[in-house]
Amino acid sequence: MRDLVEIGMGRTARRAYGLDDIEIVPSRRTRSSKVVSTSWQIDAYRFELPLVTHPTDAVVSPGTAVAFGELGGLGVLNAEGLWARQANAEEALDRLARTAREAEDPAELVRLLQELHSAPIRMDLLSEAIRTVRESGVTVAARVSPQHAAELTPDLLAAGVEILVVQGTIVSAEHVGPDGGEDGEPLNLKEFISDLEVPVIAGGVSDYRTAMHLMRTGAAGVIVGHGYTPGVTSTDRVLGIGVPMATAIIDAAAARRDYLDETGGRYVHVLADGGMSVSGDIAKAIACGADAVMLGAPLSAATEAPGQGLYWTAAAAHPSLPRSQVAAGTRHSVDLKTLLYGPSADAEGAVNLFGALRRALAKTGYSDLKEFQKVGLNLRG
């Protein structure tokens, strides 16, 4: 039953909860963390970690996409980012890092990112980046926006992309566009996905209804959230749109269950994107029903991160309405493997992100992620 609160005469709002509002409840059983599994599988692709990277150049270069794959996760290249637009993406990233050190106005970083993204997408550069990942033997994934999906996808598939991520701030199965106009023909996700032989992950969504609509398009996975990071993402301030992640994930998981019944067995994966800063948030997202998490800012702390300690989302480069800052994160003297697997001397949950997830499963007595989605939850306060 929906928890509705009257906020004025004739107007109600639904009460919703973020990950900070809930806690995981231990069960009567515990088990060794050595006998639990954090693996998950989407379509024919199996991963040892329920980790999909947020598709930002701050975290994912061709080299780090390979590293994430070798460590058991899925690195997602941004097919509309710097690696597709700049012949020397490393130099462009160095410019951003240098500007971060010297600029007095933080907006200068966003303006520089907008300038770098004003260069046209070059398929030769993008194909070379994808080739680097493909030749390593790890799964190749790339992100496109709904606006450019139809245009870029044929070339991406020809280059070797195996999982396609269609991601925007808000993605729906039904988009009403202008007659003509700069948007051109709206993307019909159902037709688009039906023509592809690779699995498609689409989102973000924030409610049951939209999640169900995306599942009915044939998507293999649905992204919940829009990559919210405190101090970085500004979608709530710019557009007034927010996603309370605990409620949103649970609603999407309910849509997954109902769609499974509706189709007689087709399972669509739920990926949580946003509201996760530390390992405990990852555990809570899985406990709410996510099959995997989409991380960005927590990964920018790795020494290998191409952003050199800076973090931003793809929305930062929007030419007229950016919805993300280019912010300095916490740069740890820790490599990517340690960040994911430990060991850690950090008591705040910023390191050993998935070692902590294994321990959470073990402490609550669950052997794998699907079982852990049944764990009890309490509200704080």
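## A first walk through the model

Asn-352 lies in the loop between α12 and α13 (helices are DSSP runs of H or I with at least four residues, strands are runs of E with at least two, and both are numbered from the N terminus). Its phi is near 65°, a positive value in a residue that isn't glycine. At 18% relative accessibility, Asn-352 counts as buried (buried means under 20% relative accessible area, exposed over 50%, and partly exposed in between, with a 1.4 Å probe and protein chains only).

Residues are numbered from 1 along each chain as its sequence is written, and this is a predicted model.

Gly-204 belongs to strand β10 (residues 200-205).

Asp-43 is another non-glycine residue with a positive phi, near 60°. You'll find Asp-43 in the loop between β4 (40-42) and β5 (45-47). Is Asp-43 buried or exposed? With a relative accessible area of 53%, Asp-43 is exposed.

Now for some helix pairs. Two packed helices are described by the angle between their axes and the distance between the axes. The axes here are lines fitted to C-alpha atoms over the stretch in contact, and angles run from 0 to 180 degrees between N-to-C directions.

| Helix pair | Angle | Axis distance |
|---|---|---|
| α1 (62-70) and α5 | about 25° | 9 Å |
| α3 (89-102) and α4 (107-117) | roughly 165° | within 10 Å |
| α8 (208-216) and α10 (245-263) | about 40° | 8 Å |

Angles under 35 degrees count as roughly parallel, over 145 as roughly antiparallel, 65 to 115 as roughly perpendicular and the rest as oblique. So α1 and α5 are roughly parallel, α3 and α4 are roughly antiparallel, and α8 and α10 are oblique to each other.

Pro-62, Ala-65 and Val-66 of α1 meet Ala-129, Thr-132, Val-133 and Ser-136 of α5 (contact means heavy atoms within 4.5 Å). That contact has five nonpolar, two polar and no charged residues (Ala, Val, Leu, Ile, Met, Phe, Trp, Tyr, Cys and Pro count as nonpolar, Asp, Glu, Lys and Arg as charged, and the others, Gly among them, as polar).

The crossing of α3 and α4 is right-handed too. On the α3 side, Ala-92, Arg-95, Leu-96, Thr-99 and Ala-100 meet Glu-108, Leu-109, Leu-112, Leu-113, Glu-115 and Leu-116 of α4. Those residues divide into seven nonpolar, one polar and three charged. Asp-94 is also in α3, and at 36% relative accessibility it is partly exposed. Asp-94 and Gln-308 are 214 residues apart in sequence, but their C-alpha atoms are 8.2 Å apart in space.

As for α8, it passes α10 in a right-handed crossing. Among the residues that meet there are Tyr-208, Met-212 and Arg-216 from α8, and Asp-251, Ala-255 and Tyr-259 from α10. The contact of α8 with α10 has eight nonpolar, no polar and five charged residues.

Which of its residues are buried? They are Ala-149, Leu-152, Thr-153, Leu-156 and Ala-159. Seen down the axis, the buried residues fall within an arc of 125°, so they line one face of α6 (the arc is that of the directions from the helix axis to the C-beta atoms). Turned away from that side are the exposed residues Ala-150, Glu-151, Pro-154 and Ala-158. The cover over the buried residues includes α5 (123-136), β8 (141-144), β9 (163-167) and α7 (189-194). Just after α6, Gly-160 takes a positive phi of about 120°.

Last stop: Val-232, in the loop between β11 (221-228) and α9 (235-239). Val-232 is buried, at 6% relative accessible area. Beyond its neighbours within four places in sequence, Val-232 is in contact with Tyr-311, Trp-312, Arg-323, Ser-324, Gln-325 and Ala-327. From Val-232 to Val-326 is 94 residues along the sequence and 6.8 Å in space, C-alpha to C-alpha.

Technical notes: This is a predicted model: local features need pLDDT of at least 70, side-chain atom pairs count only at pLDDT 80 or more; totals for chains, interfaces and linings use all residues. Side-chain values use heavy atoms; hydrogens and water are left out. A crossing is left-handed if the near helix is turned anticlockwise from the far one by less than a right angle, and right-handed if clockwise.
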